[in-house]
Amino acid sequence: MSTFGQFLRVTTYGESHCPSVGCIVDNFPPGVPVSEEILQPQISRRRPGQSSITTPRNEADIVSIQSGVEEGVSLGTPIAMVVKNQDFRPSDYKGNTMRQYPRPSHADFTYLEKYGVRASSGGGRSSARETIGRVAAGALCEHYLKLAHGIEIVAWVSSVGSIHHIPPTAEYPCTSHNPEFLQLLQTVTREIVDKSPVRCPDPELAARMEHRIAELRDRQDSIGGTVTCVIRNVPTGLGEPVFSKLEATLAHGMLSIPATKGFEIGSGFEGTEIPGSAHNDMFIRNPNTDSDVKNGFAKPKLTTSTNNSGGIQGGITNGAPVFFRVAFKSPATIGLPQQTITFEGESDGLLEAKGRHDPCVVPRAVPIVEAMASICILDALLTQGGRKMAALAR
């Protein structure tokens with residue numbers, strides 16, 4: 001499926017080497033100020049060729065709104081957005097070896113098995129070029145969330161290979177207990193994240209990460225990493241148990257991003273290693289009761305002293321910041337010779353993949369994670385809003 005969401009519906013289209021990529025967003029609220037200038041910054045953060053540690057493919061990635069917006073205001077009708085592919089080279093994939101051999105750990109083989117035909121780039125829709133539509137839709141959703149409700153979404157690179165930002169320690173074996181990490185959840189901004197091409201908010205670690213990526217790039221190799229994301233000012237009550245719990249929706253959205261291999265929310269896997277007495281988030285009175293309503297939401301009477309749950313309990317938001325981490329594997333397309341076999345299974349061979357590819361995807365994955373988080377939250381918000389309207393009608 002190329003459509004995501006229950007009430008808010010986002011459909012993306014396009015491959016890496018076709019004339020354009022884009023999306024259609026259905027059920028976006030009417031009357032919202034919308035323009036290409038509002039959406040472009042996030043798309044530019046995702047674009048290739050933005051630093052020496054990303055793919056050298058040179059794309060401007062300029063978004064154009066095709067429908068659903070008139071005189072700078074959303075109409076409530078489907079919003080279509082398109083980005084033209086300009087620097088695409090399907091010829092990079094048409095040499096004898098690329099045509100004969102499936103790339104190890106790539107989607108060349110599985111796409112051929114599924115469809116009986118494959119795109120010039122092999123994996124077709126598995127290319128990260130598809131994510132432009134997600135980022136365009138996510139930028140639209142995030143704009144509304146911030147404008148209407150003050151919801152903030154910030155992601156950053158939390159590891160590259162074995163280099164970790166705020167790893168577990170003897171004192172804080174669970175990162176969600178670490179005061180440095182908890183402070184970061186409250187204060188990190190995109191301006192801080194974007195000071196480094198790696199998009200890690202710690203300058204010293206960012207330099208080490210950048211050096212490691214460059215080292216592997218020069219060896220025609222690749223490396224993976226993780227992206228952490230926080231969503232602030234989330235209201236209580238979002239999430240649809242039992243099969244559309246908010247963490248399940250977030251996991252679905254994040255694991256649909258190319259190259260993802262893992263998702264954890266709140267304390268995640270580290271939380272399995274501490275007893276319930278240390279992991280439970282104790283309820284306390286909410287000290288922020290200066291007003292009953294903020295950003296259109298009634299403020300809850302309770303909050304928690306800790307946030308190991310990552311802002312979600314029973315699949316429903318509890319008002320605390322939502323935070324999670326997404327794992328991305330090392331990119332499959334590398335220039336080093338790799339042992340493989342022809343698509344027909346007739347003969348072994350060595351594949352030295354051609355084309356222009358990221359040696360590490362996590363720096364450019366940051367806006368993609370933010371985009372999918374925005375889509376998930378707005379979908380949950382609109383769904384919950386529909387429930388409230390239905391209750392009023394009874």
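This is a predicted model: local features need pLDDT of at least 70, side-chain atom pairs count only at pLDDT 80 or more; totals for chains, interfaces and linings use all residues.
Trainee: How many residues are in the second, separate core?
Mentor: In soluble globular proteins, nonpolar side chains tend to be buried together. Here a second core stands separate, and its members include Val-154, Phe-181, Val-188 and Val-193. The number of residues in this second core is ten.

Trainee: Which cysteine is in contact with Met-81, leaving aside neighbours within four places in sequence?
Mentor: Met-81 is among the residues with the most contacts inside the largest core. Its contacts beyond four places in sequence include Tyr-13, Val-21, Leu-39, Val-63, Ile-65 and Leu-140. The list also holds a cysteine, Cys-23.

Trainee: How many disulfides does the structure hold?
Mentor: A disulfide is a covalent bond between the sulfur atoms of two cysteines. Cys-360, buried with a relative accessible area of 1%, has its closest cysteine sulfur in Cys-200, 12 Å away and too far for a bond. The number of disulfides in the structure is zero.

Trainee: Which element gives the largest share of the lining of the largest cavity?
Mentor: The search of the whole structure finds two cavities of 30 Å³ or more, and the largest cavity holds about 70 Å³ of space. Two elements give two or more residues to its lining, helix 8 (246-255) and helix 10. The largest share is four residues, and it comes from helix 10.

Trainee: How many charged residues are in the lining of the largest cavity?
Mentor: The lining residues include Gln-6, Glu-240, Ser-244, Cys-376, Asp-379 and Thr-383. By class, three are nonpolar and five are polar. The charged residues in this lining number two.

Trainee: Which helix supplies the largest share of the lining of the second largest pocket?
Mentor: This pocket has a volume of about 830 Å³ and is lined by 32 residues, with Asn-288, Thr-303, Gly-319, Ala-320 and Pro-321 nearest its centre. By class, the lining has eleven nonpolar, 17 polar and four charged residues. At least two lining residues each come from strand 14 (297-298), strand 15 (302-304) and a helix spanning 179-187. The largest share, four residues, comes from that helix, helix 5.

Trainee: Is Ser-267 buried or exposed?
Mentor: Ser-267 lies in the loop between strand 11 (260-265) and helix 9 (276-279). Not counting residues up to four places away in sequence, Ser-267 touches Cys-174, Ser-176, His-279 and Asn-308. The cut-off for buried is under 20% relative accessible area. At 7% relative accessibility, Ser-267 counts as buried.

Trainee: What distance separates the C-alpha atoms of Ala-139 and Phe-269?
Mentor: Ala-139 lies in helix 4 (residues 131-149) and counts as buried at 4% relative accessibility. Leaving aside neighbours within four places in sequence, Ala-139 is in contact with Leu-39 and Gln-42. Phe-269 is 130 residues apart from Ala-139 along the chain, and their C-alpha atoms are separated by 30 Å.

How values were computed
Residues are numbered from 1 along each chain as its sequence is written. Side-chain values use heavy atoms; hydrogens and water are left out. On a 1 Å grid over the protein atoms alone, a cavity is a set of points where a 1.4 Å probe fits but cannot get out, and a pocket is an open set with protein on both sides within 12 Å along at least five of seven lines; lining residues have an atom within 4 Å of a point. Grid points are joined across faces, edges and corners, and a volume is the space filled by probe spheres set on the points. Ala, Val, Leu, Ile, Met, Phe, Trp, Tyr, Cys and Pro count as nonpolar, Asp, Glu, Lys and Arg as charged, and the others, Gly among them, as polar. A disulfide is a pair of cysteine sulfur atoms within 2.5 Å. Buried means under 20% relative accessible area, exposed over 50%, partly exposed in between (1.4 Å probe, protein chains only). A nonpolar core is a set of buried Ala, Val, Leu, Ile, Met, Phe, Trp, Tyr and Cys residues joined through side-chain atoms within 4.5 Å. Contact means heavy atoms within 4.5 Å.
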